[in-house]
Structure formats: C-alpha cells, structure tokens
Amino acid sequence: MSHSRRILTCAIAAAAAATAGIVAPAGATAAAPLPATSDFNGDGYADLAVGVPDGTVSDQAKAGYVNVVWGGPKGVGAHGSIRVTQATPEVPGTPEAGDRFGASVELGDLNGDGIAELLAGAPGEDVTDRGTDAGMVIAVGGARGGPGSGSTVLTGPSPSAAYGKSVTAAHLNGGDNKAIVVGGTDKVVARVIQGEDSMITTVLTAPMGGRAPVLATGDFDTDGTPDLAVAYWTAGTPNTQSHVRLWKWDADRSEMANFWNTDNAGVSALAAGDFNGDGRDDLALGECREIADENIDDPCGPENLAEGGAVHVHYASATGGPFGSRAQTVNQDTAGVPGVAEDGDRFGAALAVTDVDRDGRDDLVAGAPGEAIGSEKGAGAAWLLRGGAQGLLDADGAATSVTWNQDTAGVPGVAEAGDAFGAAVATGRYNTGAVPDVTAGSPGENASLGAAWLLPDGTAGGSAAFSPRTLDLPYLTTAQKYGKPLHSR
C-alpha cells in the first residue's frame, strides 16, 4: 500500500462535542454541532492551517511552509502551533528557493476517522524529469503530538504546469471514496481515490490568465453527493472570457461531467452554503465582476452593485428547477451592509461559510482587503452576512450584517495602509464553545510580516491577533505575508 493510501486509511478517533437548547426560527432546522473536521492533532478542537508560501526555510527564500495553529479552550493562537515544511522529516522533498510550499492549503478529515490531513500545494516545485515549476501537492497525515507520514498526491507533468496553485478535496464520487482536486496553470485535475486504487482525471483545460483556478465543493444538484465548482477568467489572451462551472462525477464514464455554467463572471472566491435553510447548497461568487461581453447581461447582478466588488449568490431550486435560477447580489451599498462601495475595495475577495447564530441557516464571511479605513488605503475589513429565510437578503432586499477591521472596538491593532485585513477568512469551532469562530488574515500587517485575527463566536469581543512573532516561528526581516491563505472547517 502506498503512503498516500495509508494516509487515507489511518485510524485515529476524535471526540465530537455536543450542545443543547438551541431554538431555530420558523422554517429552519437548528444545526447540530459538527465534529472538528480540521482537527490535525486529534484533541477534539478544530485547528487552522496558514499557508506561508513566501516564508524562508533553511535559508531558501520563498521555499514556503504551512503553520498549523492549534485550537484549544482559548481558541487558535493561544495554544501554540506546528511548522510543516519540506524539511520536516515526514514530508517529501527538500526546501528550495521559489517552491512556495503552502501556496494552497486544505485541512480536513479525508477518511472520516476524526483526525484531519493536510494538503499543501507547492506550485514552484521543480520535479525531476518534468521540469522547472512543474509543481506538486503533498498530503501530510495528522497525528497526536505531531504530523504523521506524508506523501506526494500529484506532480505537474511539464515545466510551468504549477500544480498546487489551488487544492480542495471531497467525496465527489460518493461513498467512502475521495477526490483531491488540484489547480495548476490553465488546468484542473483530480486524483480520485477508490479504496485501494486511484486514478488521475482531467477536469478541464482552458486559458486562465495566469491565475489559480478557484475551487469549492458542495451538493449543488441535491443528489446527496458533493459536486465541484470551478471559476477562472482571462482578459485578452487569447481572448476575453470567464466562467463559473459546476461538475459532478459520472460513474459510468469514470470522469467529471459539467452540468451548469454561468459565463462572463470573473470571481476571486467561491463558497458553498445553505443560506436560506432549505437543506440545499447555494453558491456564493466573491468579488464578482463582469468581464465584458455584450451578449450576456449582468452575470454578477445589477451593474450598480458591481462597484468595489460584490458577492453574487446563486440559490438551489426549491421546486426541482435548474440550479441558480434565483440569485441575490450584496455589496457595500446594500441596505444593512456597513460601508460605502468604492473602486478597489475588493469586497468578497475571500469567503468562508459558517452558522454563527446556530439557526440552521448558513452565514457568509466576506473579506475586502482593499477597503480603506478612514484615510488608510488598503487597510482591509471583513463582514459577517447573516443567512435568513430568503437567503443573505430579506424580502425587502436588505442584509443583516456586522463588519470588523483593526479600528473596530475590541479588535487588537490599528488599521494602517496596506494591511489587507480580510485577504483570507476561515471558520471553525476552535474552542470549547458550540458557536463557530472566525479568523481573518492580514498579510500586509507589520511591513508584510503578516498576522491573523481570531474573532471568537463571530464577534469582536475577546478577539486576539497572532503572528510569526507571537507563535515563536522563525522569521527574518523579509516579508512573510503571514495570513493568506487560511483554511479550516
């Protein structure tokens, strides 16, 4: 059995917490507390993976590392962390300049045994016989007291393939099987694991403008099996185009099949959640902007809501109709959303889903790293947009939301130009409470050393910041840009 299969069949159990006394509003079902599926050390608390692809390792600039920050009674940032690099004995490879290990991260329970595995992309990895920047994705098993064994999931087939620009994983082919989906240069591929066997399948090949394809998973066709959402866009080379596409596993053909598209929508983030509590997954498009095509009308909603970025949500049909036929658009000019929409805000550039009020309707965390706070340009902010009976907007088109930045009362720090607070966001139950917490990254903090913030229970009260300095990580005076990407669940 290969190392990668052994990672997916290891058996370490973690206990799940329970809660009671939550009352749901009419029309929604109270959500039961979920196990900590990003628990990397098996202590029952969700952990947080912070990718630091610009980090120096073994004197190699931008070799990159992943910092797994432990959850615990006081939440992430208060219980230490572990630094995972290609110099870690369990991890394949060697730190080399420009590998950018940690450019993408996914922390989740791949085999349902209660302990998480870490997926990390290194798009700058040079691979023997495949060339410079072929790229690589590595899986590292979780374990009590430290990381378990690691193995290579996929390597790029050719120079500049840059496998590992993005990564996600889900049971796309049903049952106990798992698919690890990898984004590279102009390509998305999947390693589909079926028991003791696995296969590599190409999801799509298309021009992507040099950007990492955006990946997310959710059950969009309500058949009980997760589907894959992919977004990509390019402008002018070879032509202007953009797409958000949904794919599902076709068991008869043993490949991914495309079943829904929205064209001309360029996005920076995707997130799946049940925002109206109807038991069906919806899809949020973050920092949605129209890529010029006169034949397609308003793919991101009304044009007057596009300024500064917007979140455009496609809802699953409650009547068996096509996915996405009902949609809502939210930006800073929406009633109930603090702030004013301005060019460069990048509202929705980062997205995460949670149910902070435990009412059975998911809430959406949206980051806007370009938001100006007072006169401080690019200081950044994040919003919690609450789900309701109609979704993120009520029947009158208004949202219920709160916003945070470094000038918010109770949030440590001071908003400064270029902090980019909200460049990445994540959610998880990092402490003993039943209410999910929020984390927000600020890679521009402290001259781009970077930092992240814990917002316990999705509130500013009791929030705390952590960084390479506070976690006693080795760092140089060079920019680490700690805080992007983030992942937990």
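Cysteine 288 and cysteine 300 are both buried, where buried means under 20% relative accessible area, exposed means over 50% and partly exposed is in between (1.4 Å probe, protein chains only). These two cysteines form a disulfide with their sulfur atoms 2.0 Å apart. This is a predicted model, so local features need pLDDT of at least 70 and side-chain atom pairs count only at pLDDT 80 or more, while totals for chains, interfaces and linings use all residues. Residues are numbered from 1 along each chain as its sequence is written, and side-chain values use heavy atoms, with hydrogens and water left out.

**The disulfide**

- The structure holds 1 disulfide, a term for a pair of cysteine sulfur atoms within 2.5 Å.
- The pair links distant parts of the chain, 12 residues apart: cysteine 288 is in the loop between β18 (282-286) and β19 (289-290), and cysteine 300 is in the loop between β19 and β20 (311-315).
- Strands like these (E, at least two residues) and helices (H or I, at least four) are DSSP runs, numbered from the N terminus.
- The torsion about the S-S bond of cysteine 288 and cysteine 300 is about -70°, so this disulfide is left-handed.
- As background, a disulfide is a covalent bond between the sulfur atoms of two cysteines.

**Salt bridges**

- A search of the whole structure turns up 10 salt bridges, each being a side-chain nitrogen of Lys or Arg within 4 Å of a carboxyl oxygen of Asp or Glu.
- Aspartate 54 pairs with arginine 100 in one of them, with the closest N and O atoms 3.4 Å apart.
- Aspartate 54 lies in the loop between β1 and β2 and arginine 100 in the loop between β3 and β4 (104-108), so this pair ties together parts that are 46 residues apart in sequence.
- Aspartate 54 counts as buried at 10% relative accessibility, while arginine 100 is partly exposed at 31%.
- Asp54 and Arg100 also belong to a network of salt bridges that includes Lys481.
- Arginine 489 and glutamate 106 meet in a salt bridge too, at 2.1 Å from N to O.
- That pair links distant parts of the chain, 383 residues apart: arginine 489 sits in the segment after β30, and glutamate 106 in strand β4.
- Glutamate 106 is buried at 5% relative accessibility, and arginine 489 is partly exposed at 39%.

**Around aspartate 219**

- Aspartate 219 is found in the loop between β12 (214-218) and β13 (227-234).
- Aspartate 219 is buried yet has no salt bridge, and the nearest side chain of opposite charge, lysine 248, is 7.4 Å away; for charge, Lys and Arg count as positive and Asp and Glu as negative, with His and the chain ends not counted.
- A polar atom of the aspartate 219 side chain lies 2.8 Å from the backbone nitrogen of glycine 224 and one lies 3.2 Å from the backbone nitrogen of aspartate 223.
- Lysine 248 does form a salt bridge with aspartate 223, the closest N and O atoms being 3.5 Å apart.
- Aspartate 223 is in the loop between β12 and β13 and lysine 248 is in strand β14, so the pair ties together parts that are 25 residues apart in sequence.

**Strands and sheets**

- An open sheet of 4 strands runs in the order β3-β2-β1-β30 with antiparallel pairing, where two strands pair if DSSP finds at least two bridges between them.
- β3 (81-84) and β30 stand at the edges with a single partner strand each, so one side of each is left without a neighbour in the sheet.
- β1 is joined to strand β2 (residues 65-69) by 5 bridges, and alanine 49 has valine 68 in β2 as its bridge partner.
- Elsewhere, strand β6 (residues 136-141) and β7 pair in the antiparallel sense over 5 bridges.
- In strand β7 (residues 150-155), 5 of the 6 residues are buried, so β7 is largely enclosed by the rest of the structure.

- Most residues other than glycine have a negative phi, and most peptide bonds are trans.
- Serine 254 has a positive phi near 55° and sits in the loop between β14 (241-250) and β15 (255-263).
- Alanine 447, in helix α2 (residues 445-448), has a positive phi of about 55°.
- A cis peptide bond joins lysine 484 and proline 485, with omega about 0°.

How values were computed
A polar contact is a pair of N or O atoms within 3.5 Å; within protein, one must be able to donate a hydrogen and the other to accept it, and residues adjacent in sequence count only if both atoms are side-chain atoms.
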